Amino acid sequence: VHEETFTTRATPPAPLDSTDDRAMAYLERSKNLLIGLVNTSEADNQRLDYSHEQRVSRELIEQANVLKVALNRPDERQLRQLVLDLEVILLQLANVEVKPGVPAIEFVRQGVDQKSILLKINLEQMRASAHRSAPVDRKKNSNL
């Protein structure tokens with residue numbers, strides 16, 4: 001039986017709860033909430049109980065407040081702006097007054113469309129993914 005020994009890296013791994021990880025989790029959760037709202041049917045749009053969505057929105061607003069402070073490096077400016085844009089939409093959702101016959105979620109949908117929020121979230125997630133895989137790719141190429 002052949003056994004291989006593995007050496008540890010000289011650089012310690014990033015903490016699991018880094019600002020980038022928290023930001024990506026925040027973006028994913030926000031995206032899921034907004035996709036659910038944007039894709040509601042006309043019949044669903046008339047429902048009167050958005051309490052779950054409003055509760056999630058309030059939780060995300062609290063996370064945004066922490067992230068806005070933590071995302072302070074120059075290379076995080078774009079991500080910070082995305083968090084600010086999301087916060088505005090989430091505040092609208094959290095404070096919406098649902099009334100019979102009024103499309104309560106329509107203004108949230110318009111905010112998502114006008115700011116291209118879902119596209120920006122996808123782009124930021126792709127950028128973060130590419131950034132995380134870049135050091136691995138460089139290491140593989142250096143061994144060639």
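**Helices side by side**

Modeller: Glu53, Gln54, Ser57, Arg58, Leu60, Ile61, Ala64, Asn65, Leu67 and Lys68 of α3 meet Arg80, Val83, Leu84, Glu87, Leu90, Leu91, Leu93 and Ala94 of α4. By class, that contact has 10 nonpolar, three polar and five charged residues. Contact means heavy atoms within 4.5 Å. Ala, Val, Leu, Ile, Met, Phe, Trp, Tyr, Cys and Pro count as nonpolar, Asp, Glu, Lys and Arg as charged, and the others, Gly among them, as polar.

Biologist: Before we go on, tell me what kind of model this is.

Modeller: This is a predicted model, in which local features need pLDDT of at least 70 and side-chain atom pairs count only at pLDDT 80 or more, while totals for chains, interfaces and linings use all residues. Residues are numbered from 1 along each chain as its sequence is written, and side-chain values use heavy atoms, with hydrogens and water left out.

Biologist: How many helices and strands does the secondary structure come to?

Modeller: Helices (H or I, at least four residues) and strands (E, at least two) are DSSP runs, numbered from the N terminus. Here there are six helices and zero strands, and the pattern along the sequence reads α-α-α-α-α-α.

Biologist: At what angle do α3 and α4 pack?

Modeller: Start with the axes: they are lines fitted to C-alpha atoms, for helices over the stretch in contact, and angles run from 0 to 180 degrees between N-to-C directions. For α3 (residues 51-70) and α4 (residues 77-94), the angle is about 150° and the axes are 9 Å apart. Angles under 35 degrees count as roughly parallel, over 145 as roughly antiparallel, 65 to 115 as roughly perpendicular and the rest as oblique. α3 and α4 are therefore roughly antiparallel to each other.

Biologist: Now α1: how far apart are its axis and that of α3?

Modeller: Helix α1 (residues 19-38) packs on α3 with axes 10 Å apart, at an angle of about 150°, so α1 and α3 are roughly antiparallel to each other. Their crossing is left-handed. Residues of α1 in this contact include Tyr26, Ser30 and Leu33, and on the α3 side Ser57, Leu60 and Ala64 are among those they meet. By class, the contact has 10 nonpolar, four polar and four charged residues.

Biologist: At what angle do α1 and α4 pack?

Modeller: The angle is about 40°, with axes 11 Å apart, and α1 and α4 are therefore oblique to each other. α1 passes α4 in a left-handed crossing. Among the residues making this contact are Ala23, Met24 and Leu27 of α1 and Leu79, Leu82 and Leu86 of α4. By class, α1 with α4 has 14 nonpolar, one polar and one charged residues.

Biologist: Let's look inside. Is leucine 90 buried or exposed?

Modeller: Buried means under 20% relative accessible area, exposed over 50%, partly exposed in between (1.4 Å probe, protein chains only). Leucine 90, in helix α4, has 0% relative accessibility and so counts as buried. Leaving aside neighbours within four places in sequence, leucine 90 is in contact with Tyr26, Ser30, Leu33, Ser57, Leu60 and Ile61. In the chain of 144 residues, 33% count as buried.

Biologist: Which residues does glutamine 54 touch?

Modeller: Not counting residues up to four places away in sequence, glutamine 54 touches Leu93, Ala94, Asn95 and Val96. Glutamine 54 sits in α3 and counts as buried because its relative accessibility is 11%. A polar contact is a pair of N or O atoms within 3.5 Å; within protein, one must be able to donate a hydrogen and the other to accept it, and residues adjacent in sequence count only if both atoms are side-chain atoms. Here, a polar atom of the glutamine 54 side chain lies 3.2 Å from the backbone oxygen of leucine 93.

Biologist: Where does arginine 109 lie?

Modeller: Arginine 109 is in helix α5 (residues 106-114) and counts as buried, at 14% relative accessibility. A polar atom of its side chain lies 3.2 Å from the backbone oxygen of leucine 37.

Technical notes:
A crossing is left-handed if the near helix is turned anticlockwise from the far one by less than a right angle, and right-handed if clockwise.
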